[in-house]
Amino acid sequence: MTILTAIIALLALAAVFGALLGYASEKLKVEGDPVVDQIDAILPQTQCGQCGHPGCRPYAEAIAAGEEHNKCPPGGEQTIQELSDLLGRDFLPLDEEHGEEDVKRVAYIREDECIGCTKCIQACPVDAIIGAAQKMHTVIEDECTGCDLCVEPCPVDCIDMVPVEETLESWHRERPPGVGGRPETYIPVENLA
Amino acid sequence: MTEYVLILISAVLVNNFVLVQFLGLCPFMGVSNKVETAMGMSLATTFVLTLSSVLSYLVYAWLLEPLALEYLRTIAFILVIAVAVQLTEMFVRKASPLLHRVLGVFLPLITSNCAVLGVALLNIRQTEPSFMSSLTYGLGAALGFSLVLVLFAAMRERIAAADVPVAFRGPAIGLITAGLMSLAFMGFSGLVRI
């Protein structure tokens, strides 16, 4: 008899809790993965593919799935720092296998040399080059992300990557190194063996 | 009122669950790499501890005791804790997907955090267990856990940037730090007696 009471009591308890959890799981359902959106918003959207993924969104998905967050040369250290803060991971130096951080550049087409082959237009991931077949092309400077992808296909090598001059509006103070990072003035302390 | 203040001080400082009673050491060592993560874990654990402390008291007082089923308390409490953790997990996933990702496996592991079961079991061993005293005890235990977890995480952040001798790097210096903190907390013994 006691055993029967015990079984019924525990079953009743479990049933109540089960109903509670079932209700809560309906109420608190989550769709999609909002983390990917937040990562994607931090990435520079150059769509350059230097990370080994076809664009920034696929790389954001890969980071969310656990890939290292230091493969984005256009974003540089600042992007890595922001991603580390967002994801609670440690700061990592830029993975040099995927390229080095550089000053921001934009493509510039030497227009009198352009033969109008449209190859650079097809290569541009952000549609920043305008022009038509047999007509001169040019780059919309504000749209160009400096990804270098148009330089390679040009048959007459008339595209230059020119650094964007730093103006009072675009200058920003360099961020201090994060936890685990070393300032440039760091003096190592020798361990006494 | 004084009674509850005493229970609170006792649970937070004098009988701190982590550093004096050595319960819940897994998240203490596992989630203390960054202060922000530690804060998130503290909040989640605080919620679970307080909720499960109260719920398990209610289950004990309203179900197990009237039916003379006190011997089933451990299994009933584990059920209560599992439900509380599951609820918290759902809520965190909804409210803060990032925190959910950062806490990762440690969130469901609150279920097996022995401090949570410890609080539930120690609760009914008080001289006069009541709803308010179990609430205070659970909250106190949670605050004590949060306090040492955040303190420890802050120290580990400093240690990560410090020039530690090679042989002591990583978990070794962490354990030494935890031991020193524990020694420090033993200084509170004798502050209150209940």
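This is a predicted model: local features need pLDDT of at least 70, side-chain atom pairs count only at pLDDT 80 or more; totals for chains, interfaces and linings use all residues.
## Overall composition of the chains

Chain B contains 8 helices and 0 strands. Read along its sequence, the order of elements is α-α-α-α-α-α-α-α. Of the 194 residues in chain B, 40% are buried. Among contacts in chain B with a separation of 6 or more, 80% are between residues 24 or more positions apart.

Chain A has 5 helices and 4 strands, and its elements follow the pattern α-α-α-α-β-α-β-β-β. Buried residues account for 19% of the 193 residues in chain A. When contacts in chain A between residues at least 6 apart in sequence are considered, 60% join residues at least 24 apart.

## The packing of helices H3 and H4 in chain B

Two packed helices are described by the angle between their axes and the distance between the axes. Helix H3 of chain B covers residues 35-64 and helix H4 of chain B covers residues 73-95; the angle between them is about 145°, and their axes are 9 Å apart. The crossing of H3(B) past H4(B) is right-handed.

Which residues of the two helices meet? From H3(B), the contact includes B:Ala44, B:Phe47, B:Val48, B:Leu51 and B:Leu55. In terms of residue type, the contact of H3(B) with H4(B) consists of 15 nonpolar, 3 polar and 1 charged residues.

## Helix H4 of chain B in detail

H4(B) is built from 23 residues. The distance from its first C-alpha to its last is 32 Å, close to the 33 Å expected at 1.5 Å a residue.

The buried residues of H4(B) are B:Ala76, B:Phe77, B:Val80, B:Ile81, B:Val83, B:Ala84, B:Val85, B:Thr88 and B:Val92. These buried residues pack against H3, H5 and H6 of chain B, and also against helix H1 (2-27) of chain A.

## The largest nonpolar core

The largest nonpolar core has 51 residues, and B:Val116 and B:Ala141 touch the most other members. Six helices of chain B, namely H1 (2-14), H3, H4, H5, H6 (114-123) and H7, each contribute at least two residues to this core. H3(B) provides the largest share, with 12 residues.

The contacts of B:Val116 illustrate how parts of the chain come together. Leaving aside residues up to four places away in sequence, B:Val116 touches B:Val48, B:Leu49, B:Ser52, B:Ile81 and B:Ile110.

## Where chain B touches chain A

Between the chains, 27 residues of chain B are in contact with 21 residues of chain A. On the chain B side, H3, H4, helix H5 (97-103) and helix H7 (131-161) each give two or more residues. H4(B) gives the most, with 9 residues. The side of chain B that touches chain A comprises 18 nonpolar, 2 polar and 7 charged residues.

B:Leu69 is located in the loop between H3 and H4 of chain B. Apart from residues up to four places away in sequence, B:Leu69 touches A:Thr5, A:Ala6, A:Ala9 and B:Leu64. Is B:Leu69 buried, exposed or partly exposed? B:Leu69 is partly exposed, because 17 other C-beta atoms lie within 10 Å, whereas a buried residue needs 20 or more.

## Two loop residues of chain A with positive phi

Most residues other than glycine have a negative phi. In A:Thr118, phi is near 65°, a positive value in a residue other than glycine. A:Thr118 belongs to the loop between strand S1 (105-109) and helix H5 (119-123) of chain A. A:Thr118 counts as partly exposed because it has 16 C-beta neighbours inside 10 Å.

A:Asp157 likewise has a positive phi, near 50°. The loop that holds A:Asp157 runs between strand S3 (138-139) and strand S4 (159-163) of chain A. With 10 C-beta neighbours inside 10 Å, A:Asp157 is therefore exposed, since the limit for an exposed residue is 12 or fewer.

Conventions:
Residues are numbered from 1 along each chain as its sequence is written. Chains are lettered from A and ligands numbered from 1 in the order in which they are written. Axes are lines fitted to C-alpha atoms, for helices over the stretch in contact, and angles run from 0 to 180 degrees between N-to-C directions. A crossing is left-handed if the near helix is turned anticlockwise from the far one by less than a right angle, and right-handed if clockwise. Two residues are in contact if their C-beta atoms, placed from the backbone, lie within 7 Å. Ala, Val, Leu, Ile, Met, Phe, Trp, Tyr, Cys and Pro count as nonpolar, Asp, Glu, Lys and Arg as charged, and the others, Gly among them, as polar. A nonpolar core is a set of buried Ala, Val, Leu, Ile, Met, Phe, Trp, Tyr and Cys residues joined through C-beta atoms within 7 Å. The expected span of a helix is 1.5 Å times one less than its number of residues.
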